[in-house]
Amino acid sequence: MSIPCHDGDGGVVAAGVPRIALVGAPNAGKTSIFNALTGLRGKTGNYPGVTVSRFMGTCRVGPDRYAIEDLPGTYGLEPVSPDEQILVDVLDGRLDGVDRPDALLVVVDATTLRRSLGFVAQVLGRGLPACVVVTFTDELARRQGALDVDALGQALGVPILPVVGHRGYGVTELREALADWQAWPVPVLAPPVDAVERDAWVESVLAFAGYRAAERHRVTRRVDAVLLHPLWGTVVFFAVMVLFFQTLFTLAAPLQDAVEAGFGQLAALVAEHVDNRWLGSLLGDALIGGVGGVLVFVPQIMLLFLLVALLEGVGYMSRAAFLMDRVMARAGLEGRAFVALLSSFACAVPGIMATRTLPSARDRIATMMAAPLITCSARLPVYVLLIGLLVDRSARIGPFGAQGLVMFGLYLLGAVSAMLAAWVFKKLGDRRGALMPFYLEMPPYRLPSPRSVLIAVWSASSSFLRKCSTIIVATTIVLWLLLNLPLHTAAQLGGAGVDTGDPAAVSAYTVDHSYAAGLGRLVSPVFDPLGFDWRINVGVLSAQSARETFVATLGQVAAAEDPEDPAAALRTMTYPDGPRAGQRVFTPPTVAALLVYFAYALQCMATVGVIRRETGTWRWPAIAFAYLTVTAWLMAYLARTVTGLVTG
């Protein structure tokens with residue numbers, strides 16, 4: 001009877017299934033090999049007792065199954081970070097609850113073989129059956145390099161397979177080799193351990209394999225002379241970012257309008273064909289007005305991830321990390337911290353998890369405290385909605401659209417604030433420690449394969465859609481109940497002067513006297529100085545589950561007031577009571593305060609949870625929530641005051 005063992009995400013791998021571990025340096029093509037073998041059916045979890053990610057997948061060869069484990073990438077087996085320590089512990093069998101792999105697939109980049117062989121020597125010295133996978137052989141040949149793959153196998157004493165994962169070349173042969181993993185030999189004579197002797201061993205292996213290093217990519221050399229220049233590289237970086245956000249608004253606007261028109265037609269169909277008031281309100285106000293109000297921004301989300309995938313695929317992101325390493329150093333952090341913060345542009349959760357690559361615990365804490373300030377994709381729907389209320393779509397500043405420049409300013413605000421936060425937390429900690437060396441691969445500029453770009457876009461976009469279909473739907477339905485309860489009889493409505501024959505009047509009265517309205521008014525003393533009314537307050541509170549829920553909340557309220565044109569209802573919304581009764585809610589000072597509040601506030605419980613998991617205590621998530629909430633309120637008040645003075 002087989003005893004099931006579980007990977008970190010609940011996938012089950014029978015104990016009798018061979019476990020093959022993928023090891024290699026970053027950017028060696030390891031992930032492409034993993035995806036090619038597993039068909040993108042990987043599972044993500046954690047190693048027992050630690051928070052380092054564990055990536056598992058299953059490869060089928062005929063009737064047989066093989067568990068493929070993608071270990072963290074590293075340049076050597078001298079660990080300086082939690083990720084690298086886990087790799088060493090797994091290879092040495094020192095991790096409780098995790099057996100040593102049955103065999104290893106060692107992935108090396110043919111264009112950097114001299115450096116890679118030092119790592120190969122260390123891995124082969126672990127005494128596990130191994131097969132070496134050589135990637136980028138096509139690029140080596142294109143750049144006038146040479147390698148005798150068979151001779152390399154003879155020199156190393158293990159099987160060698162050339163594979164170009166993103167093109168599928170050699171994948172069939174690799175699958176066939178997996179079926180014969182028990183025949184993979186352990187080198188009879190282990191490579192030397194001494195560094196000097198190992199270097200001599202590497203040179204002898206290279207000579208025997210007839211290796212000729214690839215010529216430096218001429219286009220890469222010329223472009224890098226500009227992009228890595230301290231001055232011109234920084235100018236190009238900011239120019240790329242400005243164009244990035246201009247593209248987000250310019251190209252996505254027609255698609256957004258089409259999606260919005262589609263949901264408008266759905267709402268009209270519901271109003272026409274659904275006679276039951278409650279069911280019509282649930283479908284029209286909650287699902288179409290609320291969730292549909294968030295889905296309107298899917299074109300921007302997909303375009304955002306498309307542009308990021310293209311920049312990463314051509315190799316520009318590595319150059320940006322190199323430029324920002326100088327900025328990180330001023331905050332007392334190293335370049336690895338930039339890589340973690342860069343991940344936070346998609347979502348703070350993977351950004352915080354990426355701090356595992358940082359050797360210093362204090363650096364990890366400082367980066368975790370800064371990561372929530374980086375503008376993530378969840379803020380994008382909120383920003384697009386509010387910028388649309390603040391700036392006319394046709395407004396321009398010189399050749400650039402004003403909306404795109406405001407968006408760029410918000411992203412820049414988040415990045416600068418993150419640097420300042422990291423500097424403060426490092427200052428409060430200990431800055432006396434020496435910075436560790438930071439190694440970052442500078443790949444040659446390549447055109448990414450359409451398949452890899454589409455996979456990256458779909459992976460990120462589908463995550464957003466899953467959030468819409470789970471968290472946002474659930475929160476929206478709860479809000480719909482709060483906005484429509486308690487029930488009011490016809491006599492109560494008539495006594496309040498409401499025309500019971502006017503559905504819009506009934507809906508407006510119900511919303512204004514709902515439990516949600518009571519909750520919004522309860523916290524009004526906190527948010528009144530920022531110009532927020534009870535409807536905005538409810539949106540801000542609901543955004544604690546997910547920032548996008550703010551858009552869904554306002555969508556519900558606007559749909560209840562004007563089902564046919566909720567966007568117009570939002571623009572013309574007025575304060576129902578109080579000293580500002582009759583005045584417009586979304587004035588420039590209030591919108592500016594909202595934008596800045598969302599730029600700083602920690603409104604993602606998943607982020608709070610991952611900080612708790614990574615630090616092992618509730619102390620740091622509590623500190624993050626407190627300092628970011630207070631900062632958000634103060635900066636929003638400042639933004640409202642300044643905008644009020646500017647606009648008169």
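## Ground rules

Residue numbers start from 1 along each chain as its sequence is written, and side-chain values rest on heavy atoms, with hydrogens and water left out. Because the model is predicted, local features need pLDDT of at least 70 and side-chain atom pairs count only at pLDDT 80 or more, while totals for chains, interfaces and linings use all residues.

Helices (H or I, at least four residues) and strands (E, at least two) are DSSP runs, numbered from the N terminus.

## Helix H9 and its partner

Let's start with H9, which covers residues 232-273. Its axis and that of helix H11 (residues 298-314) come within 8 Å and cross at roughly 145°. Axes here are lines fitted to C-alpha atoms, for helices over the stretch in contact, with angles running from 0 to 180 degrees between N-to-C directions. H9 passes H11 in a right-handed crossing, meaning that the near helix is turned clockwise from the far one by less than a right angle.

Contact (heavy atoms within 4.5 Å) involves, among others, Phe 244, Leu 248 and Leu 255 of H9 and Leu 303, Leu 307 and Leu 311 of H11. By class, 14 nonpolar, three polar and no charged residues take part; Ala, Val, Leu, Ile, Met, Phe, Trp, Tyr, Cys and Pro count as nonpolar, Asp, Glu, Lys and Arg as charged, and the others, Gly among them, as polar.

## Helices H27 and H28

H27 (residues 605-615) packs against H28 (residues 619-647) at about 145°, with axes 7 Å apart, and this crossing is right-handed too. On the H27 side, Met 605, Val 608, Ile 611, Arg 612 and Thr 615 meet Trp 620, Pro 621, Ala 624 and Phe 625 of H28. That contact has seven nonpolar, one polar and one charged residues.

## Salt bridges

The model has 12 salt bridges, each a side-chain nitrogen of Lys or Arg within 4 Å of a carboxyl oxygen of Asp or Glu. One of them pairs Asp 70 with Lys 30 at 2.6 Å, N to O. Asp 70 sits in strand E6 (residues 64-70) and Lys 30 in helix H1 (residues 30-38), so the pair links distant parts of the chain, 40 residues apart.

## Backbone details

Most residues other than glycine have a negative phi, and most peptide bonds are trans. Phe 136 has a positive phi, near 60°, in the loop between strand E8 (130-135) and helix H4 (137-142). A cis peptide bond joins Leu 485 and Pro 486, with omega about 5°.
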